[in-house]
Amino acid sequence: MFESVAIFAAFTMGLGTFLTKGVTTQISFLKTLGPLFLLNCFFTLPIALVQRNWILFEPKVLALHVSAAIASVIAGYFIFVIIARSSASISSISNTLAPAVALILAPILLGTKVTMFQVAAVIALIAASLYPIRSSIPGLRFRVTIFFTLSAAVAAGFVSVNVAMLGAEGVNLSETFIVRQILAGLFYIAIFPPRGLTKSDLLKLMQRASLISVGSVASVYALQGGEIILMISILATVSLWVLLFESISTRSIPDRATIIAAMIAVAGIVSLRFVS
């Protein structure tokens, strides 16, 4: 069951990431981040009306929420910079690498058992995935490209582990997702007020937010209920879904470096599940 939910989450987040490219090419991405985070909450309010047993103000839980929001702010910035300068599929490579980062953090923060072979595989996976896209973001040097991608991956990977940690503390799905989105959204709106957004802009943002929120909630459900290593491996297929949507839209084959990076990352992460 959880595997099916994770596949659905990867599909919807891939579609939402693909649609994000159209948003960021028409609106300043810094002005869109705040509204997008808050719109994500809007589409999940029905769940919050059912799940009212929040434990937000318990010290440990509150600290986890704040740390997740900070990581979301960082991940959002770097992912949108990459999308604005390149393609949605390039940005999804960082999402694909995020589970690999989570595999490193999980033993430290969750006590998950990971063998040295798995750690070595993660290191090899990250290197193999980043090399093909070293020059894929126009206007960015190799080191900057790597920095942006790794920063987004580390932040997103931390959020995945954080979701599991909140679940272990008894935090329900709605609180796990909505609190993080509200905190991150308020931060961006305070620093980068969304002035100048038109009704058409808001409609585009709502379209994107509806897909991302559904996918994100599904991923929270899978991460909190399923086996974390398997769930994050399935969620790593986001990049492949984005590649599929880009190919359908342009009726062409994506850049070879992008395909190689996505395939290596996904194959590596899935194989990690079976490394003993």
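Predicted model: local features only at pLDDT ≥ 70, side-chain atom pairs only at ≥ 80, totals over all residues.
Which helix gives the largest share of the nonpolar patch? That would be helix 4 (residues 59-85), with four residues. The patch itself sits on the surface and is made of Phe-57, Leu-62, Val-66, Ile-70, Ile-74 and Leu-183, with about 540 Å² of accessible area together. Patches here take residues with over 30% relative accessible area and no salt bridge, joining like charges within 9 Å and nonpolar side chains (Val, Leu, Ile, Met, Phe, Trp, Tyr) within 5 Å. Areas come from the Shrake-Rupley method with a 1.4 Å probe, and for residues only the protein chains shown count as cover.

Residues are numbered from 1 along each chain as its sequence is written, and side-chain values use heavy atoms, with hydrogens and water left out.

As for the overall make-up, the protein chain has 12 helices and zero strands. Both kinds of element are DSSP runs numbered from the N terminus, helices being H or I with at least four residues and strands E with at least two. Of the chain's 276 residues, 53% count as buried, buried meaning under 20% relative accessible area, exposed over 50%, and partly exposed in between (1.4 Å probe, protein chains only). Helix 10 (residues 228-235) is mostly covered, with seven of its eight residues buried; among them are Ile-228, Met-231 and Leu-235.

Back to helix 4, which also holds Val-66. Helix 4 packs against helix 8 at an angle of about 55 degrees, with the axes 8 Å apart, so helix 4 is oblique to helix 8. Axes are lines fitted to C-alpha atoms, for helices over the stretch in contact, and angles run from 0 to 180 degrees between N-to-C directions. Angles under 35 degrees count as roughly parallel, over 145 as roughly antiparallel, 65 to 115 as roughly perpendicular, and the rest as oblique. Helix 2 (residues 29-42) also meets helix 4: their axes come within 10 Å and cross at roughly 135 degrees, so this pair is oblique too.

Then there are the charges. The count comes to one salt bridge, the rule being a side-chain nitrogen of Lys or Arg within 4 Å of a carboxyl oxygen of Asp or Glu. The partners are Glu-169 and Lys-60, at 3.0 Å from N to O. They link distant parts of the chain, 109 residues apart: Glu-169 is in the loop between helix 7 (142-168) and helix 8 (173-191), and Lys-60 is in helix 4. Glu-169 counts as partly exposed because its relative accessibility is 30%, whereas Lys-60, at 52%, counts as exposed.

Ser-271 and Ala-121 are 150 residues apart in sequence, yet 9.0 Å apart in space, C-alpha to C-alpha. Ser-271 lies in helix 12 (residues 256-272) and is partly exposed at 36% relative accessibility. Leu-244 and Leu-15 are 229 residues apart in sequence and 9.4 Å apart in space, again C-alpha to C-alpha. Leu-244 belongs to helix 11 (residues 238-250), and its relative accessible area of 38% makes it partly exposed.
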